[in-house]
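Dear colleague,

I am handing over the structure that we spoke about, and below it you will find some notes on what turned up in it. Please read them with the model open beside you.

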Amino acid sequence: MAPWRSSPCPRAQRATPSETRVATTAWMGAWVLFLRSGAMQMRNMIWPLRRKSRRRMARIVVDGPITGATRKRVLKALREVKQREFPALLLRIDSPGGTVGDSQEIHAALLRLREQGCRVVASFGNISASGGVYIGVAAEKIVANPGTITGSIGVILRGNDLSRVFEKIGIRFDTVKSGPFKDILSPDRPLSDAERALLQELIDSSYGQFVGVVAQGRNLELETVKRFADGRVFSGEQAQALGLVDELGDEDHARRLAAQLADLDADDIRPVTLGKQRRKLSGLLPGSQLLHQLQQRLSIELMGSGQVLWLYRP
């Protein structure tokens with residue numbers, strides 16, 4: 001009888017480097033999909049537990065010139081108001097106005113928030129003019145101090161004619177353009193009559209939008225608004241007589257009014273301030289307040305060159 005022999009086992013074939021890379025890539029892709037799926041499930045589980053603020057009041061501050069940075073900060077804060085379902089918003093405005101598009105986007109976001117049922121009350125501080133007024137009329141009610149500087153409903157566009165300065169120092173510009181108005185407001189020459197007429201049409205269009213929004217927001221006739229919408233400024237007391245302001249009072253007065261509209265306890269409610277500006281290290285240095293004022297003034301001067309503005313320029 002022949003001795004028993006074990007049959008030889010086939011050797012496992014070693015994977016080639018290309019096969020190893022394919023397998024590793026497939027494994028990593030599957031792992032990423034698994035993590036994403038888990039994250040989405042966790043998000044769906046947490047979403048119903050997101051903190052709500054149905055018995056609290058939000059507060060947002062619009063301070064200084066209205067710029068792109070202001071718009072981003074305020075719109076982010078308004079989204080949080082909507083997500084957390086605040087029943088009331090106290091909008092504190094202390095601004096001379098600013099760029100047109102940014103003011104319009106904030107105004108539109110406030111109207112959308114009101115459509116969701118949030119009661120919005122604006123409180124005018126030291127100054128709420130031009131673009132500050134445009135934002136404010138999106139509120140359900142407006143409260144101003146008797147001495148608040150407001151108004152300045154109008155549009156401004158300013159360019160700088162430095163042609164004589166350039167001529168004295170021997171600088172001359174050679175311009176190649178695709179159309180006669182491409183270098184409009186160029187500092188090396190004065191405006192032509194045709195350019196001035198074109199820019200006036202632009203200003204008139206922007207002015208019409210401004211006046212229309214004020215009339216709609218304050219429930220006033222268009223011609224009534226035009227009678228005082230000539231760029232003039234007036235006090236809070238005068239603004240109330242014109243129908244631009246509902247009540248006279250400080251920010252606490254506005255807080256109590258917002259609480260009343262939202263059926264909240266005006267004695268206990270304390271607003272939650274959202275969208276705070278980040279404090280910089282330079283703010284701790286002596287004279288930082290003066291430096292901040294100079295920066296704001298410089299910002300106003302820089303934005304005022306060649307831009308259509310809803311801005312009060314004292």
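Leaving out neighbours within four places in sequence, D183 is in contact with T175, K177, R189 and E195, where contact means heavy atoms within 4.5 Å. Please keep in mind that this is a predicted model, in which local features need pLDDT of at least 70 and side-chain atom pairs count only at pLDDT 80 or more, while totals for chains, interfaces and linings use all residues. Residues are numbered from 1 along each chain as its sequence is written, and side-chain values use heavy atoms, with hydrogens and water left out.

D183 sits in the loop between α5 and α6; helices (H or I, at least four residues) and strands (E, at least two) are DSSP runs, numbered from the N terminus. With a relative accessibility of 14%, D183 counts as buried, a word that stands for under 20% relative accessible area, while exposed stands for over 50% and partly exposed for what lies in between (1.4 Å probe, protein chains only).

The loop between α5 (163-169) and α6 (193-217) also holds L185, which is partly exposed at a relative accessible area of 24%. L185 has a positive phi of about 70° although it is not a glycine. Most residues other than glycine have a negative phi.

Another positive phi, near 50°, belongs to S130, again a residue other than glycine. S130 is placed in the loop between β4 (119-129) and α4 (131-136), and it is buried, with a relative accessible area of 0%.

S103, in helix α3 (residues 100-115), is likewise buried, with a relative accessible area of 0%. A polar atom of the S103 side chain lies 2.9 Å from the backbone oxygen of T99. Not counting residues up to four places away in sequence, S103 touches I66, G131, Y134, I135 and W310.

Finally, which residues form a nonpolar patch on the surface? They are L162, V165, I169, I171 and F173, with about 440 Å² of accessible area together, and such areas come from the Shrake-Rupley method with a 1.4 Å probe, where for residues only the protein chains shown count as cover.

Key:
Patch = residues over 30% accessible without salt bridge, like charges linked within 9 Å, V, L, I, M, F, W, Y side chains within 5 Å. Salt bridge = Lys/Arg side-chain N within 4 Å of Asp/Glu carboxyl O. Polar contact = N/O pair within 3.5 Å; in protein donor to acceptor, adjacent residues only side chain to side chain.
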